[in-house]
Amino acid sequence: MTSALTLSGGCQCGAVRFRMHGQPKDVSVCHCRMCQKAFGAYYAPLVAVGDAEVSWTRGQPKHFASSNFVKRGFCGDCGTPLTYEAPDGLSLAAGAFDDPSQLPPTVQFGVECKLAFVDAIPALPECATLDDLEDAPFLTDVVSYQHPDRDTDQWPEAKS
Ligand SMILES: [Zn+2]
Ligand SMILES: [Zn+2]
């Protein structure tokens with residue numbers, strides 16, 4: 001990875017925003033059962049921040065202690081998973097960054113819990129969102145309430 005990264009991110013509704021400055025320790029996916037549950041997903045993409053600096057630039061995550069050692073941070077308004085906080089450091093949810101393409105994973109953890117079909121997903125049939133128009137005609141009229149993939153001075157943005 002390159003040096004002197006500054007990357008922003010936050011939850012879906014925009015109530016909680018963060019910034020990471022510096023080089024993270026690693027980017028992983030974790031297949032463990034706790035990460036599956038906490039993310040509602042087959043695995044969790046996590047950025048172990050290491051010595052990088054993290055600041056909460058809007059709001060703060062709420063926490064659930066998923067064990068005696070680990071807290072999981074999430075947006076109390078919209079529920080987006082945001083952190084994994086363990087004695088060995090803080091990790092941020094990679095998909096919550098504004099540009100997750102900057103943070104490709106380099107290692108898998110918790111592989112003893114890996115769901116058998118996960119490795120077959122890339123071979124499944126592929127559909128773009130708008131390929132579904134016949135079954136979901138509302139898609140052409142969608143108005144997103146998701147926070148944009150950049151910092152905002154004010155959110156929701158003032159309407160003029
Ligand atoms: Zn939120
Ligand atoms: Zn895990």
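Me: Which residue is the bridge partner of serine 28 in β4?

Reply: That partner is leucine 46. Before going on, note that this is a predicted model, where local features need pLDDT of at least 70, side-chain atom pairs count only at pLDDT 80 or more, and totals for chains, interfaces and linings use all residues. Residues are numbered from 1 along each chain as its sequence is written, while chains are lettered from A and ligands numbered from 1 in the order in which they are written.

Me: How many bridges join β3 to β4?

Reply: The general idea comes first: strands of a sheet pair through backbone hydrogen bonds, either parallel or antiparallel. Two strands pair here if DSSP finds at least two bridges between them. Strand β3 (residues 26-30) and strand β4 (residues 44-48) run antiparallel and are joined by 5 bridges.

Me: How many helices and strands does the protein chain have?

Reply: Helices (H or I, at least four residues) and strands (E, at least two) are DSSP runs, numbered from the N terminus. The protein chain has 1 helix and 10 strands, and its elements follow one another as β-β-β-α-β-β-β-β-β-β-β from the N terminus.

Me: In what order do the strands of the 7-strand sheet stand?

Reply: This open sheet reads β6-β7-β8-β9-β4-β3-β10, with mixed pairing. At its edges stand β6 and β10 (107-109), each with a single partner strand, so one side of each has no neighbour in the sheet.

Me: What is the order of the 3-strand sheet?

Reply: Here the open sheet runs β1-β2-β5, and the pairing is antiparallel. The edge strands are β1 (6-10) and β5 (53-58); each has a single partner strand, so one side of each is left without a neighbour in the sheet. Strand β2 (residues 17-21) is joined to β5 by 5 bridges, and methionine 20 stands opposite valine 54 in β5.

Me: Is asparagine 68 buried or exposed?

Reply: To decide, count the other C-beta atoms (placed from the backbone) within 10 Å of a residue's own: 20 or more makes it buried, 12 or fewer exposed, and anything in between partly exposed. Asparagine 68 is exposed because it has 5 C-beta neighbours inside 10 Å. You will find asparagine 68 in the loop between β6 (62-65) and β7 (71-74). Across the 160 residues of the protein chain, 25% count as buried.
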